[in-house]
Amino acid sequence: MKLTELLTDIIYDTALSDVEITDVTCDSRKVKPGSLFVCIAGENFDGHDLAGESLAKGAVAVVCERDLGLKEQILTGNTRKAYGTICCNYFGNPARRLKLIGVTGTNGKTTVTTLIKNILSSCGIKTGLIGTIQNEIGDTVLPTDKTTPDAYDLQKLFLRMADEGCEYVVMEVSSHALDQYRIGNIHYDVAVFTNLTQDHLDYHKTMENYFNAKKRLFEIADVGVINVDDIYGRQLSLIAKCHVVTCSLVNDKADFFATNITCSPSGVSFHFECNNILSKINFAMPGMYSVQNALAAAAVCREVGISLERIAETLNHTKGVKGRSEIIDTGRDFSVICDYAHTPDGLKNILPSIKKFTTGRLITLFGCGGNRDAGKRPIMGEVAAEYSDFLIVTSDNPRLEDPLAIIDDILPGVKKHQTEYVVVPNRKEAIFYAVQHAQPGDVVVLAGKGHEDYQVLGNEKIHFDEREIVQEALATLA
C-alpha cells in the first residue's frame, strides 16, 4: 500500500516520496523491512526514542510528533490518533462494511453486548462481538486479552468479521480505548451508555477526565441509548451530539422504561414499555442492575428495527452471562454467586439486590486489584460492609503490590460499619473458608473475578477458576 493511502484523513508534513508500505506497527519489536513505524509515547517508554533503531531494522518511515531530524520522518500532531486512522486505512476501512453498536460504561458492558448479540442472532442476523470475556464471529469464539483491542488488532478483526459475512458488530468500548484513539476514525450506528462510577482513576486521574473519555463515543454515533438513572447519563443526554434515546427504571417519561419489577433468587421480571406498548420479560439474572442491562439491550435492538415480541422472547430464554450474577450449583442448602463486581458501584448494584431474597446471611468475599485505582479500595470496603452480614477480605489480582498492603487500604472502609469480617489473603483459602462456613439459607457472593479464570500474582498469570475451586471446597464437606 502506498504511503499516501495510509495517511488519508491525517494532517502531516513530510519530504518523503510516495513509497510502498508492507506493514504498520507502533511496537518496535514488530518492525520488519517495509514497515511504517508510529512513535507513541507510553507510560513506560517513548516510541520516539526507538525511531532510529526501527529505521535500522528496515522501517521505511517513522510517524512522530516532534522533529527527530530524520529524513524518513512524518510529522503529525497526535501519533496515537494517527495510528488509529492508519490502521483503518491499512485494512481497507472494514468497519464501513459493518453496522456498529458500541457500549461504554463502568459496569454492565459485557452483559449488554452479550444480550444485544443474542437478540440479533435470534433474528438470523450474523453478528460479531468484541468484549472482555471473548470475541465472537457468529458462533466462532476467539480469545481476547483486552476489553477493546489495540488499533491494529481491532481493524484486523473487523476485516475478518466483514469477510465472514457479519452484518452487525456489537462491542465494548473502554475509556482507555477512547482516550487512546484505538478505535480509529470509525463511526457507530448506535452507542450505549450504561453508567459511570469511580474506576480507572489511576489512569484518568479525575472523574471529569473519565467522563470526557466516555463522552467521545457519542460524538461519533448516530444514536445514543443512555441510562438517565445515572447522574452522568443525565448530563450526557443533554450534551450528546447524536440523537438521544433515554432509558430509565424510575422515569416514565423516558423513551424506554421498566415497570412492575419483581426480583427473585433466580432472576427478575418486569414490563418493558415503549410507545405505550408493554412486553413482559422474565430474565434469568438477579438484581435491579440486571433490569437496567436488559432494558438497554432491548432499547438498542428496538432502535435497529427488532420487534418487541422477538426481544422479549429472546430475553426470556437467556440463561445469563458467565461471571455476571452467575449462580454456581452447590447441591447444598446455601448458594454461591460469582460476579465481576470490582468497583464500589458494582458492589452497590449486586449486594442490596441479593440481600432482599437472602433468608440467611449475605457473605461477601472480595478484594481489590493491585496497581490500579487505590482510591476506590476503602470505598469498596465500606459498601461491602454496609450491605453484607459477613465479609471475607482477600486478594484480587494483586499484581506487583503486596496483597496485605492492599487489604490494609480496604479495611478502613470496612471498619465504618459493625459488620463481622475475617482477612484471608490467599483467595483460594478464602473461598474454602466461605464454603466451609456457609450455613443453611446463606448466599456467598464471590466478587471481583467473574469470568476470569486466572489470578495475576507479580508478573505471573496463574490458572484460577472460582467455579472449580468452589467444587473442590464442596468436596471437603461432610
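Which residues of H10 are buried? They are Tyr-289, Ser-290, Val-291, Asn-293, Ala-294, Leu-295, Ala-296, Ala-297, Ala-298, Ala-299, Val-300 and Cys-301.

## Basis of the model

This is a predicted model: local features need pLDDT of at least 70, side-chain atom pairs count only at pLDDT 80 or more, and totals for chains, interfaces and linings use all residues. Numbering runs from 1 along each chain as its sequence is written, and side-chain values use heavy atoms, with hydrogens and water left out.

## Helix H10

Helices (H or I, at least four residues) and strands (E, at least two) are DSSP runs, numbered from the N terminus. H10 covers residues 288-303. Twelve of its 16 residues are buried, so the helix is mostly covered. Buried means under 20% relative accessible area, exposed over 50%, and partly exposed in between (1.4 Å probe, protein chains only).

The expected span is 1.5 Å times one less than the number of residues. For H10 that should be 22 Å; the end C-alpha atoms are 23 Å apart, which agrees. Just after H10, Gly-305 takes a positive phi of about 105°.

## Second largest pocket

The second largest pocket holds about 420 Å³ of space. A pocket is an open set of points on a 1 Å grid over the protein atoms alone, where a 1.4 Å probe fits, with protein on both sides within 12 Å along at least five of seven lines; lining residues have an atom within 4 Å of a point. Grid points are joined across faces, edges and corners, and the volume is the space filled by probe spheres set on them.

The lining has 19 residues; Lys-81, Thr-85, Tyr-181, Gly-184 and Asn-185 lie nearest the centre. Helices H3 (79-90) and H6 (175-179) each give two or more residues. H3 supplies the largest share, three residues.

## Salt bridges

The whole structure has 21 salt bridges. Each is a side-chain nitrogen of Lys or Arg within 4 Å of a carboxyl oxygen of Asp or Glu. Arg-97 pairs with Asp-163, with the closest N and O atoms 2.9 Å apart. Arg-97 lies in the loop between H3 and strand E6 (99-104) and Asp-163 in helix H5 (residues 151-163), so the pair ties together parts 66 residues apart in sequence. Arg-97 is partly exposed at 48%; Asp-163 is exposed at 53%.

Lys-449 and Glu-452 also meet in a salt bridge (3.0 Å, N to O). Lys-449 is buried, at 0% relative accessible area. Glu-452 is buried too, at 7%.
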